[in-house]
Protein chains: 2
Amino acid sequence: MKEELLKEIKYDANGLVPTIVQDAETNEVLMLAYMNAESLHLTVETGETWFWSRSRGELWHKGVTSGNVQRVVEVRVYCDADTLLVLVNPAGAACHTGERSCFYRSLEKSF
Amino acid sequence: MKEELLKEIKYDANGLVPTIVQDAETNEVLMLAYMNAESLHLTVETGETWFWSRSRGELWHKGVTSGNVQRVVEVRVYCDADTLLVLVNPAGAACHTGERSCFYRSLEKSF
């Protein structure tokens, strides 16, 4: 863990940082969720993704109920340190709909 | 353009939606920025990415000064419609540092 870089991370007014989750093998973007300092700590400690659920107002160990946990391969930090990118090996679907990725709907294609 | 899906998009209290930009060919995640309704409209109209710059408080045509515009291939919408994913063909570096991706720093690797 790069402690200096960890200290650089900029949380928003709610103590959260948007976190993109990407499949480490296929590079598919799976989801976007929000981490607070504690969920980032738990993610690094356990090697599985933890987030802060804004709707439920609680820590959320991704996949703990569905079994679709995400094993963390790498955590990357944005140039201005206000966004994270987590590369994972997912055990199953990322989306609550059962889709692999939460971005399964296309608004506009082939410009 | 899927008008029904467009109407579903949920902007936050500041009228913004976080937008992930991904390279359509390599699948590399390049950046995360914020769109308002007008920048999304301009993105779809022009086929190049437009964002809302939160620091400058103005519309931002990505690459208009650097030449590193991003040609849009597809716009995808999150399951709960509060995040966008834009697939692009970038003309150059996405990051102001000159790096291809803004996520060029690793906090922790190989868990």
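A: **The interface of chain B and chain A**

The area buried between chain B and chain A is about 4000 Å², with carbon and sulfur atoms giving 58% of it; buried area here is the accessible area (1.4 Å probe) that two parts lose on being put together, summed over both. This is a predicted model, in which local features need pLDDT of at least 70, side-chain atom pairs count only at pLDDT 80 or more, and totals for chains, interfaces and linings use all residues. Residues are numbered from 1 along each chain as its sequence is written, chains are lettered from A and ligands numbered from 1 in the order in which they are written, and side-chain values use heavy atoms, with hydrogens and water left out.

In this interface, 46 residues of chain A are in contact with 45 residues of chain B, where contact means heavy atoms within 4.5 Å. The rule finds 26 residue pairs in polar contact across the interface, both residues at pLDDT 80 or more. A polar contact is a pair of N or O atoms within 3.5 Å; within protein, one must be able to donate a hydrogen and the other to accept it, and residues adjacent in sequence count only if both atoms are side-chain atoms.

On chain B, the side that touches chain A takes at least two residues from each of α1 (3-8), β1 (17-23), β2 (29-35), α2 (37-46), β5 (70-77), β6 (84-90) and β7 (105-109). Helices (H or I, at least four residues) and strands (E, at least two) are DSSP runs, numbered from the N terminus. β5(B) gives the largest share of this side, six residues. By class, this side of chain B has 27 nonpolar, nine polar and nine charged residues; Ala, Val, Leu, Ile, Met, Phe, Trp, Tyr, Cys and Pro count as nonpolar, Asp, Glu, Lys and Arg as charged, and the others, Gly among them, as polar.

Four salt bridges cross the interface, a salt bridge being a side-chain nitrogen of Lys or Arg within 4 Å of a carboxyl oxygen of Asp or Glu. A:Arg105 and B:Glu8 meet in a salt bridge through their side chains (3.0 Å, N to O).

Next come the sheets. β5 (residues 70-77) of chain A pairs with β7(B) in the antiparallel sense over four bridges; two strands pair if DSSP finds at least two bridges between them. Within this pairing, A:Arg76 has B:Ser106 as its bridge partner, and A:Glu74 stands opposite B:Lys109.

β7(B) belongs to an open sheet of five strands with mixed pairing, in the order β2(A)-β1(A)-β6(A)-β5(A)-β7(B). β2 (29-35) of chain A and β7 of chain B stand at the edges, each with a single partner strand, so one side of each has no neighbour in the sheet. Neighbouring strands of this sheet are turned by 30° against each other on average, direction ignored. Helix α2 (residues 37-46) of chain A packs on the sheet, where it touches β2, β5 and β6 (84-90) of chain A together with β7 of chain B. Its direction makes about 125° with that of β2(A); axes are lines fitted to C-alpha atoms, for helices over the stretch in contact, and angles run from 0 to 180 degrees between N-to-C directions.

Another open sheet of five strands, also with mixed pairing, has the order β7(A)-β5(B)-β6(B)-β1(B)-β2(B). Here β7 (105-109) of chain A and β2 of chain B are at the edges, each with a single partner strand, so one side of each is left without a neighbour.
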